[in-house]
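Open the model in your viewer and switch to a cartoon view.

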Amino acid sequence: MPDFRSVRAVSLLVATVLVLSTCAREDDRPYVGGGLDRDPLEALWHLRAGLNVAALSCRGKGRKSVRDAYHRLLSKHRSALDQAYKAEEQRHGKVGLDRHQTSLYNRFSNQRRPARFCKVAASIAGRANDMDSTRLTSNSRKLLGELQSHLR
């Protein structure tokens with residue numbers, strides 16, 4: 001007679017592996033190298049997504065707010081962000097972009113140390129607002145890598 005706790009544990013393990021392998025396939029270029037392998041417009045769009053998650057989640061409990069800096073970033077860099085969006089839409093297609101965006105937001109939402117992530121995100125958003133759009137785009141891979149490194 002099988003031990004049902006063992007069967008349940010194996011079932012959970014298999015389900016976890018299936019979910020993780022599906023997530024990995026959603027974007028076949030994982031965040032290797034902190035995003036340094038990405039096109040600058042792609043990195044800019046991914047940076048915006050990470051800062052959007054921070055703007056929504058960095059509230060209370062000793063978390064540094066990112067909301068105001070994020071809103072300034074959207075206004076100041078609107079043209080560059082529009083270009084980045086169009087490049088992502090071209091890269092993934094309209095349907096694929098929705099799936100890609102969901103995966104991207106989920107990655108940024110999964111923070112081990114939210115207070116640390118928020119502090120870094122606030123710093124990055126502030127520095128991004130000190131740059132013009134050309135400089136932000138050219139530095140987006142480095143900033144994205146810095147933001148990603150604080151997810152772990």
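**Whole chain**

Bear in mind that this is a predicted model. Colour by secondary structure. The protein chain has six helices and zero strands. Along the sequence the pattern reads α-α-α-α-α-α. Now colour by accessibility. Of the 152 residues in the protein chain, 38% are buried. Turn to contacts between residues at least 6 apart in sequence: 76% of them join residues at least 24 apart.

**Helix α2**

Select residues 40–57, which form α2. This helix has 18 residues. From first C-alpha to last, α2 reaches 25 Å, close to the 26 Å expected at 1.5 Å a residue. α2 is mostly covered, with 14 of its 18 residues buried.

**Where α2 passes α3**

The crossing is left-handed. Show the side chains that make the contact. From α2, pick R48, L51, N52 and A55. From α3, pick R67, Y70, L73 and L74. Colour this set by class: five residues are nonpolar, one is polar and two are charged.

**N52**

Stay in α2 and centre on N52. Is N52 buried or exposed? Its relative accessible area is 15%, under the 20% cut-off, so N52 counts as buried. Which side chain does the side chain of N52 meet in a polar contact? The partner is Y70, at 3.1 Å. Leaving out neighbours within four places in sequence, N52 is in contact with Y70 and Y105.

**L51**

Step back one residue to L51, also in α2. L51 is buried, with a relative accessible area of 0%. Beyond four places in sequence, L51 is in contact with V66, Y70, L73, A121, I124, A125 and L147. Draw a distance from L51 to C118, C-alpha to C-alpha. The two are 9.1 Å apart in space and 67 residues apart in sequence.

**K61**

Move to the loop between α2 and α3 and select K61. At 78% relative accessibility, K61 is over the 50% cut-off and therefore counts as exposed. Check its backbone torsions. Phi of K61 is near 45 degrees, a positive value in a residue other than glycine. Most residues other than glycine have a negative phi.

**Helix α5**

Finish with residues 114–129, helix α5. This helix has 16 residues. α5 reaches 22 Å from its first C-alpha to its last, close to the 22 Å expected at 1.5 Å a residue. Which residues of α5 are buried? They are F117, C118, V120, A121, A122, I124, A125, A128 and N129. Then bring in α2, α3, α4 (78–109) and α6 (133–149), the helices that the buried residues of α5 pack against.

Technical notes: Residues numbered from 1 in each chain as written. Predicted model: local features only at pLDDT ≥ 70, side-chain atom pairs only at ≥ 80, totals over all residues. Heavy atoms only, no water. Axes fitted to C-alpha atoms, helices over the stretch in contact; angles between N-to-C directions. Helix = DSSP H or I, 4+ residues; strand = E, 2+ residues; numbered from the N terminus. Left-handed = near helix turned anticlockwise from the far one by under 90°. Contact = heavy atoms within 4.5 Å. Nonpolar A, V, L, I, M, F, W, Y, C, P; charged D, E, K, R; others polar. Buried < 20%, exposed > 50% of the residue type's maximum accessible area, 1.4 Å probe, protein only. Polar contact = N/O pair within 3.5 Å; in protein donor to acceptor, adjacent residues only side chain to side chain. Expected span 1.5 Å × (residues − 1).
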